[in-house]
Amino acid sequence: MIVPLVLLDLFVTIYQRVCFPVYGIPKVNRGDYLIFDRHHLAYLNALEKLNCAYCSYANGLIAYVREIAGRTEQYWCPIKHARRVIGAHPGYSTFADYGDADEYRKWLEQFRRDQANGK
């Protein structure tokens, strides 16, 4: 899985570096999600440390990608789904309710205004 993960990392990072500035979407700091500290644990052998590094990268990368996808959804389609979403990203709870056109337009207008003002 390391090759697909590295490719995902590369493409998502390029995507946000190119697209986010165009629309004024705040960039996600990759370093906030990829944490490598378990190699300091003296009680782990070399193989366990390698496995911990892999798991740290994979899970951190997925969290990083999720945040980028969440910010993309927040900008382009901030509408809750009709069905319950398992494990929704943090911004999801602020989205307009499904089927509420008036709330959606108001929310979107305010959100984009806030984005333009750096809020």
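Modeller: One term before we start: a contact means heavy atoms within 4.5 Å. Also, keep in mind that this is a predicted model.

Biologist: Fine. Which residues does D9 touch, leaving out those up to four places away in sequence?

Modeller: D9 touches R30, L34, Y57, L61 and Y64.

Biologist: And where does D9 sit?

Modeller: D9 is in helix α1, which covers residues 2-23.

Biologist: Is D9 buried or exposed?

Modeller: Buried. The relative accessibility of D9 is 6%, and the cut-off for buried is under 20%.

Biologist: What about the rest of the fold? How many helices and strands are there?

Modeller: Three helices and zero strands. Along the sequence the pattern reads α-α-α.

Biologist: What is the radius of gyration, and what would a compact globule have?

Modeller: The protein has 18 Å. A compact globule of 119 residues would have a radius of gyration near 14 Å.

Biologist: What box do the C-alpha atoms fill?

Modeller: Roughly 60 × 30 × 25 Å, taken along the principal axes.

Biologist: Back to contacts. What share of those with a separation of 6 or more comes from residues 24 or more positions apart?

Modeller: That share is 52%.

Biologist: How much of the protein is buried overall?

Modeller: Buried residues make up 30% of the 119 residues.

Biologist: And the surface? What is its area, and how much belongs to carbon and sulfur?

Modeller: The accessible surface comes to about 8,200 Å². Carbon and sulfur atoms hold 60% of that.

Biologist: Last topic, charges. How many positive and negative ones are there?

Modeller: The protein has 15 positive and 12 negative charges.

Biologist: How far apart are their mean positions?

Modeller: They are 3 Å apart.

Notes. Residues are numbered from 1 along each chain as its sequence is written. This is a predicted model: local features need pLDDT of at least 70, side-chain atom pairs count only at pLDDT 80 or more; totals for chains, interfaces and linings use all residues. Side-chain values use heavy atoms; hydrogens and water are left out. Helices (H or I, at least four residues) and strands (E, at least two) are DSSP runs, numbered from the N terminus. The radius of gyration is taken over C-alpha atoms; the globule rule is 2.2 Å times the number of residues to the power 0.38. Buried means under 20% relative accessible area, exposed over 50%, partly exposed in between (1.4 Å probe, protein chains only). Accessible areas come from the Shrake-Rupley method with a 1.4 Å probe; for residues, only the protein chains shown count as cover. Lys and Arg count as positive and Asp and Glu as negative; His and the chain ends are not counted. The place of a charge is taken as NZ of Lys, CZ of Arg, CG of Asp or CD of Glu.
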